[in-house]
Amino acid sequence: MGATRVIETLVLSLLLFLSGSSATQRQKTRAGPRLPCKQMVFYFHDILYNGENAKNATSAIVGAPAWGNRTILAGQNHFGNVVVFDDPITLDNNLHSIPVGRAQGFYLYDRKDYFTAWLGFSFFFNSTQYRGTIIFAGADTLNKTRDISVIGGTGDFFMARGIATLTTDAVEGDVYSRLQVYIKLFECW
């Protein structure tokens with residue numbers, strides 16, 4: 001009976017040592033820099049409706065403060081404007097390139113004293129190269145380069161997680177803007 005107890009104690013000690021060792025190994029792996037499992041670059045082109053460009057517009061002001069209207073962005077850093085969009089996504093910065101998908105969602109200008117916005121949108125792909133959606137959300141400081149979160153996806157991007165670095169690539173007044181979106185996914189299924 002004593003020998004069985006000693007063997008059980010040794011086996012239990014060995015199991016505890018191995019489980020602690022694997023936890024330490026996981027911590028070491030997490031401590032180093034994580035590399036993305038997928039990286040992609042896209043451009044999306046936003047053409048804001050200005051009262052005269054209904055045929056070409058891909059976005060529109062759907063909410064405006066009392067001092068604003070729905071064809072011109074409000075003063076005071078566009079505070080209070082809510083814009084919905086359905087923009088083409090291309091692989092290069094040419095608006096006339098063949099789209100690989102659509103960027104669909106909204107942005108709202110959320111600070112009166114500073115030029116900033118909040119974004120919630122999806123990239124919807126239905127091409128031979130990509131199928132599914134990538135979902136983005138986050139604060140947009142409207143600096144030249146900024147990061148927002150990739151919070152999910154479907155299809156080829158099922159349950160994706162990561163970061164999207166947005167770079168303002170072109171601006172033409174308040175009507176046209178183009179964003180380069182560099183996507184780094186850290187969870188790929």
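The structure is a predicted model, in which local features need pLDDT of at least 70 and side-chain atom pairs count only at pLDDT 80 or more, while totals for chains, interfaces and linings use all residues. Residues are numbered from 1 along each chain as its sequence is written, and side-chain values use heavy atoms, with hydrogens and water left out.

We may begin with the overall layout. The protein contains one helix and nine strands, where helices (H or I, at least four residues) and strands (E, at least two) are DSSP runs numbered from the N terminus. Along the sequence, these elements follow the order α-β-β-β-β-β-β-β-β-β.

Of the 189 residues, 35% count as buried. Here, buried means under 20% relative accessible area, exposed means over 50%, and partly exposed lies in between (1.4 Å probe, protein chains only).

The charged side chains come next. Side chains of opposite charge can pair when their charged atoms come close. With a salt bridge taken as a side-chain nitrogen of Lys or Arg within 4 Å of a carboxyl oxygen of Asp or Glu, the protein has four salt bridges. One of them joins aspartate 86 to arginine 102, with the closest N and O atoms 3.1 Å apart. Because aspartate 86 belongs to strand E3 (residues 82–90) and arginine 102 to strand E4 (residues 101–109), this pair ties together parts that are 16 residues apart in sequence. Aspartate 86 is partly exposed, at 33% relative accessibility, and arginine 102 is also partly exposed, at 27%.

Another salt bridge pairs arginine 111 with aspartate 113, the closest N and O atoms being 3.2 Å apart. Aspartate 113 counts as exposed at 60% relative accessibility, whereas arginine 111 is partly exposed at 38%.

A further salt bridge connects aspartate 140 and arginine 146, where the closest N and O atoms are 2.6 Å apart. In this pair, arginine 146 is buried, with a relative accessible area of 7%, and aspartate 140 is buried as well, at 2%.
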